[in-house]
Amino acid sequence: MNRLEAMSLFVRVAELQSFTAAALSLGLPKSSASQAVSQLEAHLKVQLLYRTTRKVQLTHDGHAYYERCREVLAELDELDSMFAQTRELAGALRVDMPVSLARNFLVPRLPEFLDRHPGLEIGLSCTDRRVDVVAEGFDCVIRVGALADSTLMTRPLGLMHMGNYASPAYLARHGEPKTLDDLKDHHLIHYALTLGSKPFGFEYRDGDEYRVVDMPGRITVNNTEAFSAAALAGLGILQSPRTGNRHHMAEGRLVEILPQYEAEPLPVSLVYPRRRHQARRVRAFMDWVSEIMRDYLD
């Protein structure tokens, strides 16, 4: 196995955290994967991976080498593409996005992208936490909300407009609020990534500003799936993006309330590592996401 093949295999092992899984994905025996990485470590005179019976993890030196390997392999992919623009895209993509976006938006449309590029495979991470794009080896992630990490590249996709919702059962028990003053007799479903942190109240626009009304709540969740489920179960009022509630509205499972009081829209962005050369497969995926996201956000 030559050096570039060994680097590609090392990247695969690091991403899958398993020699067995990496070897299977590339059609190689497990012994070949382990031997190739061991030879890299011997050549570099550093340990790249911590090995346990359950999984493998990158060492500090391994993280640095992993990033440079991805850069080198991406540049080679870009170099090849200079003379083969019509060649079929191939390889693996690692992508992360919130659970609700994956369920409502990307996964239902993914067959059309993979049919267009049958040589690609996608590793899709679905989580509401903010992943470390570089350290965890993601090619790109879709983030909802304000961005803080200036070391990453961003591509704005649009805005998610917000709505206020409650289930028919909740409204039958508590009545429908018509004004902000009515909210004192209601419960808000709170969302917090860290349970125990101070919950956010009911947000609304007041002229050019957004204000918050403190509201009690009987449940706080840290997951968008549970967020919607709590509203459907009649546990309180929900403030969430309209896009994720269209089907609940159409089926009569949620009712929109207080439409005159809309929370601040949430920006949606593609975030990806800052690299001199972006692999063609990554560019193709991001272009496709940007295209179909227009329909979803509208």
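Reader: Let's begin with α3. Which of its residues are buried?
Author: This is a predicted model, and in it the buried residues of α3 are Ala33, Ala36, Val37, Leu40 and Glu41. They sit on the same side of the helix, because the arc they cover around the axis is only 135°.

Reader: Nice. And which residues are exposed on the other side of α3?
Author: There you'll find Ser31 and Ala42, both exposed.

Reader: How far apart are the end C-alpha atoms of α3?
Author: They are 22 Å apart. Helix α3 has 15 residues, 30–44, so at 1.5 Å a residue it should span 21 Å, and the two values agree.

Reader: What happens just after α3?
Author: Lysine 45 takes a positive phi there, about 65°.

Reader: Switching topic: how many residues are in the largest nonpolar core?
Author: That core has 29 residues, and Phe105, Ile142, Phe285, Val289 and Met293 have the most contacts inside it. Helices α5 and α9 each supply at least two of its residues, as do strands β3, β5, β6 and β14.

Reader: Which element gives the largest share of this core?
Author: That's α9, with ten residues.

Reader: And what does phenylalanine 285 touch, leaving aside its neighbours within four places in sequence?
Author: Phenylalanine 285 is in contact with Leu93, Val95, Leu106, Phe113, Ile122 and Cys140.
Author: Apart from this core lies another, of 21 residues, including Ala6, Ala22, Leu48 and Val56.

Technical notes. Residues are numbered from 1 along each chain as its sequence is written. This is a predicted model: local features need pLDDT of at least 70, side-chain atom pairs count only at pLDDT 80 or more; totals for chains, interfaces and linings use all residues. Side-chain values use heavy atoms; hydrogens and water are left out. A nonpolar core is a set of buried Ala, Val, Leu, Ile, Met, Phe, Trp, Tyr and Cys residues joined through side-chain atoms within 4.5 Å. Buried means under 20% relative accessible area, exposed over 50%, partly exposed in between (1.4 Å probe, protein chains only). Helices (H or I, at least four residues) and strands (E, at least two) are DSSP runs, numbered from the N terminus. Contact means heavy atoms within 4.5 Å. The expected span of a helix is 1.5 Å times one less than its number of residues. The arc is that of the directions from the helix axis to the C-beta atoms.
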